[in-house]
Amino acid sequence: MATPQMVMYEEEYKKINYIIEKLLREANSKVIFLVDKNGQLISGVGETERFDTTSLASLTAGNIAATGGLAKLIGEKEFSILFHEGEKDNLHISIVGGRVILVVLFDSRSSLGLVRLRVKKASEELTAIFDELMKRAEEKEKSGDSEFPFAEITDDDIDNLFS
Amino acid sequence: MSFINYASREINCKIVYYGPGLCGKTTNLQFIYNKTAADSKGKMISLATETERTLFFDFLPLALGEIKGFKTRFHLYTVPGQVFYDASRKLILKGVDGVVFVADSQEERVDANIESLDNLNVNLIEQGYDLNKIPFVIQYNKRDLPNIISVDELRRDLNLTSVPDFEACATTGDGVFETLKAIAKLILIDLKKGK
């Protein structure tokens, strides 16, 4: 398959949230989201209830995919940072560890320079965690030690979803 | 690929509706959106041109319920069907868990169906997938129109590997949920194998 299965465990989830909460404070931003490149929301901190997070995740991934396509057309591997400037709010979107998208929403209380600086440091920390996560998932798969929740589902379980 | 989140006990899967231009992919999603209870669906997003042709994709998040304590969420995407949007189509296939091919049953769209299915094959291979190995169903849409060819003919042209297939009329909703259920089921069975 093209990309390995993305799995998130409680322990790493806490670590990730700790880092993005710290980034939220240090970058003086309003909301921060982490999105999988396939458009699935991994986590969000800050004023998340103000936003339709599912749509935001899918559009962000579409955005990254489209600019990634543009990058390839001109011979670049990818554009690792995107910046969208609005009247009040701005979006700083960056790719972390090659496979996860970090979205920082901020207004005039912060600045692009500050956000860029803080994102750079947080990205390194996040990359380490996601590398760990991938390794852990791969090891689990190799050893056949699957605590996979769906291994034991029955046809009835599936049918019940549609009843 | 599906995303399993043990922290929030969620499993997310991506379904892509593929097919030639104007075959009814967006109409499928619109019908599902209109008939789903408000608490189990999110906002439907359509990135379309002013003439309502899909420009990039339509997106509809659906929550189906729980299995073994895990919330199952399906993200439904359509691709732009028009031939010249191929670059966008490739992007949307990234990370796909299952594909629905929506065929246009009208006689004059026979070639367009075959061309689109070939294009799906090529684009999946480019992303590292094999259509014969991933969850895949076919829908023969527009069965209500007068100038249609028989299901047997459609099958012969499009369903070479005998995957589950359904007759549909997306505007009235006939066959729409049957198709969705079939692909969702195939994806869950695929997950069960724990690949």
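Reader: Asn28(A): what does it count as, buried or partly exposed?

Author: Asn28(A) counts as partly exposed because it has 15 C-beta neighbours inside 10 Å. With C-beta atoms placed from the backbone, 20 or more others within 10 Å make a residue buried, 12 or fewer exposed, and anything in between partly exposed.

Reader: What kind of model is this, and how do the labels work?

Author: It is a predicted model, with local features needing pLDDT of at least 70, side-chain atom pairs counting only at pLDDT 80 or more, and totals for chains, interfaces and linings using all residues. Residues are numbered from 1 along each chain as its sequence is written, while chains are lettered from A and ligands numbered from 1 in written order.

Reader: Back to Asn28(A). Where is it found?

Author: Asn28(A) sits in the loop between α1 and β2 of chain A. Helices here are DSSP runs of H or I with at least four residues, strands are runs of E with at least two, and both are numbered from the N terminus.

Reader: What is its phi?

Author: Positive, about 55°, although Asn28(A) is not a glycine. Ser162(B) lies in the loop between α4 (151-158) and β8 (165-167) of chain B.

Reader: Is Ser162(B) buried or exposed?

Author: Exposed, because Ser162(B) has 8 other C-beta atoms within 10 Å.

Reader: Zoom out. How many helices and strands are there in chain A?

Author: Chain A has 4 helices and 6 strands. From the N terminus they run β-α-β-β-α-β-β-β-α-α. The C-alpha trace of chain A spans about 55 × 40 × 30 Å along its principal axes. Of the 163 residues in chain A, 33% are buried.

Reader: What order do the strands of the open sheet have?

Author: The 5 strands go β3-β2-β6-β5-β4 (chain A), with antiparallel pairing. Two strands pair if DSSP finds at least two bridges between them.

Reader: Which strands stand at the edges?

Author: β3 (41-46) and β4 (81-85) of chain A. Each has a single partner strand, so one side of each is left without a neighbour in the sheet. The twist averages 15° from one strand to the next.

Reader: What packs on the sheet?

Author: Helix α1 (residues 10-26) of chain A does, touching β2 (31-36) and β3 of chain A. Its direction makes about 40° with that of β3(A). Helix α3 (residues 112-143) of chain A lies across β4, β5 and β6 (100-106) of chain A, at about 30° to β5(A). Axes are lines fitted to C-alpha atoms, for helices over the stretch in contact, and angles between N-to-C directions run from 0 to 180 degrees.

Reader: How many residues of β3(A) are buried?

Author: 6 of its 6, so β3(A) is mostly covered. β3(A) pairs with β2(A) in the antiparallel sense over 5 bridges. One bridge partner pair is Leu34(A) and Ser43(A), the latter in β3(A). The two strands form a hairpin with 4 residues between them. In the turn, Gly39(A) has a positive phi of about 100°.

Reader: And β4(A), over how many bridges does it pair with β5?

Author: Over 5 bridges, antiparallel, with β5 (residues 90-96) of chain A. There, His84(A) stands opposite Leu91(A) in β5(A).

Reader: New topic. How many residues does the contact take from chain A and from chain B?

Author: It takes 34 residues from chain A and 36 from chain B. Two residues are in contact if their C-beta atoms, placed from the backbone, lie within 7 Å.

Reader: Which element gives the most to the side of chain A that touches chain B?

Author: α2(A), with 8 residues. Met6(A) stands opposite Phe3(B) in β1(B).

Reader: Last one. Where does Ile15(B) lie?

Author: In strand β2 (residues 10-18) of chain B. Ile15(B) counts as buried because it has 23 C-beta neighbours inside 10 Å. Leaving aside neighbours within four places in sequence, its contacts include Phe74(B), Leu76(B) and Ile183(B).
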